Amino acid sequence: MDNNDLERERGITIFSKNVSVTYKGTKINVIDTPGHSDFGGEVERVLKMADGVLLLVDAFEGPMPQTRFVLQKALQLGLHPIVVINKVDKPNCRPDEVHDAVFELFFNLDATEQQLDFPTIYGSSKNGWMNTSLTEIDNIFPLLDAILEHVPEPKVNEGTTQMQITSLDFSSFLGRIAVGKVARGTVKESQSIALVQADGGIKRMKIKELYTFEALGKKRVTEVSAGDICAIVGLDEFNIGDTICDIDFPEALPVISVDEPTMSMMFSINNSPFFGREGKFVTSRHVRDRLMKETEKNLALRVEDTESADSFLVYGRGILHLGILIETMRREGFELTIGNPQVLVKEIDGKKCEPYENLVVDVPAEFSGKVIDLVTQRKGEMLIMESKGEMQHLEFDIPSRGLIGLRSTMLTGTAGEAVMAHRFTDYRPWKGNIPGRSNGVLLSKNLEKTTAYSIDKLQDRGRFFVDPGEEVYTGQIIAEHIKPGDLNVNATEPKKLTNHRASGSDDATKAAPKILMTLEECMEYIQQDECIEVTPKSIRMRKVVLNEDERKRISKSMGQD
Ligand SMILES: Nc1nc2c(ncn2[C@@H]2O[C@H](COP(=O)(O)OP(=O)(O)OP(=O)(O)O)[C@@H](O)[C@H]2O)c(=O)[nH]1
Ligand SMILES: [Mg+2]
């Protein structure tokens, strides 16, 4: 179902999706939700459309931090999950232990007697089977039977039309499409309705076209009754959370609450010397309009104007949440400057508080000491340490701040073996200073093309982010310094003519290949005085202040404060 470009590239679900299957005469609507913790708000919202839940757990890894979160939301809504232990084809998987762990999780989350009595299905979606036991079969009918048996029929409320818009679909032909479950009465084609907004305002409009979900697509219908999920075309203006009601009896459903943002980043127009070279949309007007448009569907996102007309403060749920937005914008042709991510600090009972997260790391036992070391340096506290096959399972409490940049150091420190996941828990008192990046950077002294000759000479000073022949500018971060402290270097010197060796390509082959960093890696890499230039073609890290002398003056005056 992951059909969006970004989803395919990353192998994760970002947007929830609807499909349906008819089994033994019953239509089953299936909603696929994202699993990553940054998209918790989305999960929470679409759960409101659901009459039941399949809780998918990996037969090797067991419940993850986000499993806890989504399960908690489902239990609070009074849903009765069916537990699906997937991937039993994996060698060394432990389906029975995982089942026990899931039971313990239900118990810890105050599940009712009835919820604790959950049905369990085992299987391998990769190999196309699901069964009530660990015996491999050649179909998934036991899973569908469990759905028919354990998921209650939707409540069909009689009365006037009522449907809350819980998600949004988009088609270039039809425009914005409102999706939700009909809660009461029916919704009809050409019906005139009242749209009740979050602030209580009411707008009258007309439904143009109506669809239900059928297999992997949509089917046009003339009427949808309570209990089914429907997609509506032709409402010009609506927001997620609005209720579609009878034109004469506008009665709204409770407003949808979503997770508060935990992180903010400054989005500005591109102000590098390469401004406007690679993008189509580059003015503050373009950027502002696009961000405001995004807030209509991206509920966990908030955008604030700042003192500068060229900068906007964007609040989100985490690096991935904001990273996806930036990546989407750059593909649409935008140029931006992105500041370093800041966690949201709150004052609670007169105390400065910051977000904390639950961090889970699975790592081969030989690296567990290293992991504990790295997390403790960043003010993490270990809660759990246990063996899971040949792996060590570690759980920590850590300020969100400490997580920024942790992934790359963790992967370097464990030869790429650590698997980590984290999830926001709550706000707690500020934990004090957390050390930032330990290495400095090499900065370009000039605006010019880099040369193989210079890069080669500088190889023992740092690991480069640019290739020979790439154009760089003053103040651009072109390499990681092998030591702390920044260095301004000339990476653009042409080869000396006095050199007697035959000039040619042999120099170019000596340079180690550049380090490729993803957008999110850059977001975690940069420090307070640095930012990222994002264009459709490039991602460049740079100092906020490009001029070396000016930077010195500023850091001097800061030091005197
Ligand atoms: N071995 C094995 N791998 C599986 C099985 N099912 C899924 N996978 C793999 O697990 C990975 C994640 O699968 P997804 O379907 O994207 O998982 P997801 O839970 O939807 O992930 P999010 O949408 O990001 O939350 C993919 O690499 C799949 O190929 C299975 O039964 N056995
Ligand atoms: Mg998925």
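Mentor: A surface patch here joins like charges within 9 Å, using residues with over 30% relative accessible area and no salt bridge. Keep in mind that this is a predicted model.

Trainee: Which residues form the negative surface patch?

Mentor: D96, D100, E104 and E386 do. Helix α4 (residues 95–108) supplies the largest share, three residues, and E104 sits in that helix.

Trainee: Why is E104 called exposed?

Mentor: Exposed means over 50%, and E104 has 52% relative accessibility, so it counts.

Trainee: What makes the contact of D289 with R285 a salt bridge?

Mentor: The cut-off is 4 Å between the side-chain nitrogen and a carboxyl oxygen. The closest N and O atoms of D289 and R285 are 3.4 Å apart, so the pair qualifies. Both residues lie in helix α7 (residues 284–297), four residues apart, about one turn of the helix.

Trainee: And how do you know whether K543 is buried or exposed?

Mentor: Buried is under 20%; K543 has a relative accessible area of 1%, so it is buried. K543 also forms a salt bridge with D486, with closest N and O atoms 2.8 Å apart. That pair links distant parts of the chain, 57 residues apart. D486 is partly exposed, at 37%.

Trainee: Which residues are linked with K543 in a network of salt bridges?

Mentor: R437, D486, D529 and E530. For K543 with D529, the closest N and O atoms are 3.1 Å apart. K543 is in strand β35 and D529 in the loop between α14 and β34, so the pair ties together parts 14 residues apart in sequence.

Key:
Residues are numbered from 1 along each chain as its sequence is written. Chains are lettered from A and ligands numbered from 1 in the order in which they are written. This is a predicted model: local features need pLDDT of at least 70, side-chain atom pairs count only at pLDDT 80 or more; totals for chains, interfaces and linings use all residues. Side-chain values use heavy atoms; hydrogens and water are left out. Patches are made of residues with over 30% relative accessible area and no salt bridge: like charges are joined within 9 Å, nonpolar side chains (Val, Leu, Ile, Met, Phe, Trp, Tyr) within 5 Å. Accessible areas come from the Shrake-Rupley method with a 1.4 Å probe; for residues, only the protein chains shown count as cover. Lys and Arg count as positive and Asp and Glu as negative; His and the chain ends are not counted. The place of a charge is taken as NZ of Lys, CZ of Arg, CG of Asp or CD of Glu. Helices (H or I, at least four residues) and strands (E, at least two) are DSSP runs, numbered from the N terminus. Buried means under 20% relative accessible area, exposed over 50%, partly exposed in between (1.4 Å probe, protein chains only).
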